[in-house]
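Thanks for coming. Please look at the structure on the screen while I go through it.

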Amino acid sequence: MTREEKALMIEDLQEVLKSTGTVYLADISGLNALETSNLRRACYRSEVQLRVVKNTLLKKAMERVEENEYDGLYDSLKGNTAILISEKGNAPAKVIETFRKKSKKPILKAAWIDSAVFVGDDKITELSNLKSKDELVGEIIGLLQSPLKTVVSQLQSGGQTIAGLVKTLSERSE
C-alpha cells in the first residue's frame, strides 16, 4: 500500500468515525469465506457497516477526530481488527450475539458508544441490552402519557355517571 493509499484510507476512516456515535472493534479472524459472507449479510440486514482495517491506520484516524476521544480503544488495537459501525448503539452487539450462536467468532474487543468505552468480550450481553435513544424517548413518552390517559378516562367515565345520575334524578322528580 502506497503512502497516498494509506492517506486516503485514513481520511475515509476519519470521516466514518466523525459521522457515527457507535464503533465496535471485533476479531473475526479464523472465519472461513462462507462464515464471513454470512456475517456481512447479517450486518447488512441490521444496518451495521462491517470493515476490516489495519490497526495503525485506524488509530491514526481516531487520533485525528478531535470531536471524540477514542483513547480507551487504543489498547484493543492488536491482532486482526474489524470495525462495526451503526446508528443504533446495540445493533452490532445483537449481530455478534446472534452470529455466535453458530460460531465462536466474532470476539468483541471493545466498543465506543457516545463517549462511553466498553472493553472486553464479556460486555456483549450488556451492550445488546442497551436501548437506543428512540426507544428511551418512546418509553418516557409512554410513562408521561399513562397518568394523563388514566385521568382523562376517569373524567369521562365519571362524566357519564354524573349525567346518568342527573337524568335519573330528573325523571324521579317528574
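This is a predicted model: local features need pLDDT of at least 70, side-chain atom pairs count only at pLDDT 80 or more; totals for chains, interfaces and linings use all residues.

Start with strand β1, residues 22-27. Six of its six residues are buried, so the strand is largely enclosed by the rest of the structure. Both faces are covered: Thr-22, Tyr-24 and Ala-26 are buried on one side, and Val-23, Leu-25 and Asp-27 are buried on the other.

Which strands does β1 pair with? One is β4, residues 107-113, which runs antiparallel to β1 and is joined to it by six bridges. Within that pairing, Ala-26 has Leu-108 as its bridge partner. Another is β3, residues 81-85, also antiparallel, with four bridges. There, Val-23 stands opposite Ile-85.

Now the salt bridges. The whole structure has three. Asp-27 has 18% relative accessibility, so it counts as buried, while Lys-105, at 21%, counts as partly exposed.

Next, Arg-51 and Asp-12 meet at 2.8 Å, N to O. That pair links strand β2 to helix α1, across 39 residues.

Then Asp-121 meets Arg-100 at 2.6 Å. Both lie in loops, so this pair ties together parts 21 residues apart in sequence.

Last, the surface. Arg-3, Lys-6, Lys-54, Lys-60 and Arg-64 form a positive patch. Helices α1 and α3 each give two or more residues to the patch, and Lys-54 is in the loop between β2 and α3.

Methods: Residues are numbered from 1 along each chain as its sequence is written. Side-chain values use heavy atoms; hydrogens and water are left out. Buried means under 20% relative accessible area, exposed over 50%, partly exposed in between (1.4 Å probe, protein chains only). Two strands pair if DSSP finds at least two bridges between them. Patches are made of residues with over 30% relative accessible area and no salt bridge: like charges are joined within 9 Å, nonpolar side chains (Val, Leu, Ile, Met, Phe, Trp, Tyr) within 5 Å. Accessible areas come from the Shrake-Rupley method with a 1.4 Å probe; for residues, only the protein chains shown count as cover. A salt bridge is a side-chain nitrogen of Lys or Arg within 4 Å of a carboxyl oxygen of Asp or Glu. Lys and Arg count as positive and Asp and Glu as negative; His and the chain ends are not counted. The place of a charge is taken as NZ of Lys, CZ of Arg, CG of Asp or CD of Glu.
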